[in-house]
Amino acid sequence: MARPFTSLPSGAKDHLEAMAAHGMLSESKAASALGMPIDQFKRVISDHKPSKQIWENALSIEKDELLGKLWSLAEGGDRQAATTLLAVRHGLTEKQPSGGGGGVTVNFTLPAALDAEAYMKTVQATAKALPDGGANE
């Protein structure tokens, strides 16, 4: 039985970046292309910092490629591509055009209910003398 992988094999960086540039990047395809079992590939990119960085760089390349293709579609008049770009890049959607929850929230806090006697004490009018001694008009 072969020794388990502790890092990505040599040449993995170039290979993964090429796969990403051509839209073929996935964990299973990457593991297969590098001659690694998928469970070991996942463990290596999780535990080995330099390998994790190589994987994240490849994912960034793939993301840039896909965004570029989406941008080309949007420029060509594809409404769905434009909508997706707005949602992905700027947090805008048709459901929430203000941009991701930045709206106003109003909360009303009401006091607890009073019993009838306590309520009557708050609403009863009391006679008060005016400072000038005159009557209320």
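Helices here are DSSP runs of H or I with at least four residues, numbered from the N terminus. With that in hand, let's walk through this predicted model. The protein chain has six helices and zero strands, so in DSSP terms its elements read α-α-α-α-α-α from the N terminus on.

Let's start with the inside. Of the 137 residues in the protein chain, 16% count as buried. As a general rule, nonpolar side chains in soluble globular proteins tend to be buried together. In this model, the largest nonpolar core has 15 residues, and those touching the most other members are Leu8, Leu16, Leu25, Leu34, Met36, Phe41 and Trp55. Which elements give two or more residues to this core? They are α1 (12-21), α2 (27-33), α3 (38-47) and α4 (49-75). Of these, α1 gives the most, with four residues.

Now zoom in on Leu34. Setting aside its neighbours within four places in sequence, Leu34 is in contact with Leu8, Pro9, Ala12, His15, Leu16 and Phe41. Across the protein chain, among contacts between residues at least 6 apart in sequence, 47% join residues at least 24 apart.

Next, turn to the outside. The protein chain exposes about 10,800 Å², and carbon and sulfur atoms supply 56% of that area. On the surface you can find a nonpolar patch formed by Val104, Val106, Phe108 and Leu110, with about 550 Å² of accessible area together. Leu110 sits in the loop between α5 (79-90) and α6 (116-123). Is Leu110 buried or exposed? Leu110 counts as exposed because its relative accessibility is 71%, and the cut-off for exposed is over 50%.

How values were computed. Residues are numbered from 1 along each chain as its sequence is written. This is a predicted model: local features need pLDDT of at least 70, side-chain atom pairs count only at pLDDT 80 or more; totals for chains, interfaces and linings use all residues. Side-chain values use heavy atoms; hydrogens and water are left out. A nonpolar core is a set of buried Ala, Val, Leu, Ile, Met, Phe, Trp, Tyr and Cys residues joined through side-chain atoms within 4.5 Å. Buried means under 20% relative accessible area, exposed over 50%, partly exposed in between (1.4 Å probe, protein chains only). Contact means heavy atoms within 4.5 Å. Patches are made of residues with over 30% relative accessible area and no salt bridge: like charges are joined within 9 Å, nonpolar side chains (Val, Leu, Ile, Met, Phe, Trp, Tyr) within 5 Å. Accessible areas come from the Shrake-Rupley method with a 1.4 Å probe; for residues, only the protein chains shown count as cover. A salt bridge is a side-chain nitrogen of Lys or Arg within 4 Å of a carboxyl oxygen of Asp or Glu.
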